[in-house]
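Welcome! Take a moment to look over the fold below, and then we will walk through a few of its features together.

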Amino acid sequence: MVQNIIDVRNLSKSFDISSKEPGLKGTIKHFFRRQTKSLKVIKDISFEIKEGEIVGFLGANGAGKTTILKMLCGLIYPSEGSILVSGYLPFRRKENFLKKITLIMGQKQQLIWDLPPIESFYLNASIYDLDKFEAKKRIKKLSEMLEIDEELFIPVRKLSLGQRMKSELLAALIHEPNILFLDEPTLGLDINAQRNLRKFLQIYNKETNATICLTSHYMKDITSLCKRVICVHEGAISYDGKLDLLLKKLSPVKEILIVCRSEEDSIKLQNYGFTVKNKTKNEITIEIENNSITSSLKTILNNFDIEDLFINEPPIDEVIGKVLIKKDYDI
Amino acid sequence: MISNLINRKIFTLLKVQYSNMLEYRVEIALWAISGIIPFFMLNIWTNNNLNESINISDVLLSRYFLCAFFVRQFSVVWVVFSFEEDSLMGKISPYLIQPLNPFFRYFAQHLAEQITRFPFALIIAFVFFIFNPESIWIPNLGILILSILSTFLSFLIQFLIQSILACLCFWTERASSIERLLFIPTLFLSGLLAPVVSFPAYVKSWIYLTPFPYLIDFPANLLSGNETNISRGLSMQILWIFLLFPLFKKIWSEGTKKYTAMGS
């Protein structure tokens, strides 16, 4: 049986936020009497993640995804509840725990800006107690996987964003962590770089059975990497389960574009009882429920003279977008 | 074993930071030049014959201020400013989840900067001796070693004080403004502007209870061959380190609980 590697129970996090009224009056008032209020950004959430799972955290900006990741890796202290990651309380930041995890933030870098990445790699290797031989071996292996070579010897400031992100990844993985927290890892990367990074994460997960917790606003990251998603809405979990189940629930119909040989047929089809979304001359777009696709198509092909036919999935971004604004998905 | 590992980490950090500092060698040379305030003070003292009031010869006074310049060069600390910026921008986040306290990075950065400064400081000393040939002296090896040790201890005291203040970033966003409160006593009581011996007796007795005279006055007097109580000076430096270190550890451990990883 696969073990739970992350166990979160009734976790909450509050931040003290100071507020100020606009204008000079507000500024003076704020100077003498500062008003702070406690804002609960994570509200009593619970979930488990199994070893080797890749889980995507979905939510709108400010929903609390990154705060959850920061608590899981021990960067910030939870206000209430408990977290166990690989048997450790993350916030205690025990050396053995820190050697098992890594956190990659798309918009933050740990590489030394004016030196080539290789210097940062050897520095990280010594921080994680790797000897030079082992460090060299791992750098070689990871740089081959990430397809970076000459870039290792060029100052970080002269690398492109994609090359820098790959180098960041190498620096963060040199100690071969088995739990990866990735916060927007593909932020700002071009399509090819995004694809390469996703491919790399898939291979890394397959080869090392590493657990990956990922947040991303690029739906392709989520759909190609994660079987399971946790949707966060205003600090609470609105859905935790399989991604394909969520997509089915959110999008129970498929769009079918039918090109009829004659306009007559298309008019007949329009009045046949299907939900028509669009019609132009001899082209007609209808919506059919997922569970009756086969029978409906059979009926159409048997009764009408069809020239061409296209089945379209609704755009994933549009579907997932619905999750970001809804509070609860009971599936 | 543990100390070996730490040494290896520190050594690698030092090596990497030194490479990094070499990228900024011009800036570091300018910083070294900007630290020549003791030479201005020497000029004021000798032109006004102020040294007669404290029975120090011109030669010993010029050696004192040269040594004050050297001690300052190798004990200057700016960790509170670096940490404040890194903390507010969320840059320390990746370092907080590595098995090495981020302050070791700043520590190595300071040491690397000092090594980079060394040749520039030597050039400035060389120029000083051209204009003051009577001040040339060679300290004996024992005194030289003790002076290097006390300069390093002075650096440690300043590093710990600033690190404690830097940790206040976890509570207030502008911890460096608190550091400015310490700037005036450091300037006047450390011996940078005047040897502490020149203060009235009742003030001196209080000053010696603070860490300030052990930052510049004591190591500079030791190196320049002026009269000083070596065992008391070193003991006080070690005592301050022993007092400040647990305070730093406590404030660090409490402060990181308050960390919100802003900006990331």
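Is Glu234(A) buried, exposed or partly exposed? Glu234(A) is partly exposed, because 15 other C-beta atoms lie within 10 Å; buried would take 20 or more such atoms and exposed 12 or fewer, with C-beta atoms placed from the backbone. This is a predicted model, in which local features need pLDDT of at least 70 and side-chain atom pairs count only at pLDDT 80 or more, while totals for chains, interfaces and linings use all residues. Residues are numbered from 1 along each chain as its sequence is written, and chains are lettered from A and ligands numbered from 1 in the order in which they are written.

You will find Glu234(A) in the loop between β8 (228–233) and β9 (236–242) of chain A; strands here are DSSP runs of E with at least two residues, helices are runs of H or I with at least four, and both are numbered from the N terminus. Most residues other than glycine have a negative phi. Glu234(A), however, has a positive phi, near 45°. Ser86(A) also has a positive phi, near 55°, and sits in the loop between β4 (80–85) and α3 (95–98) of chain A.
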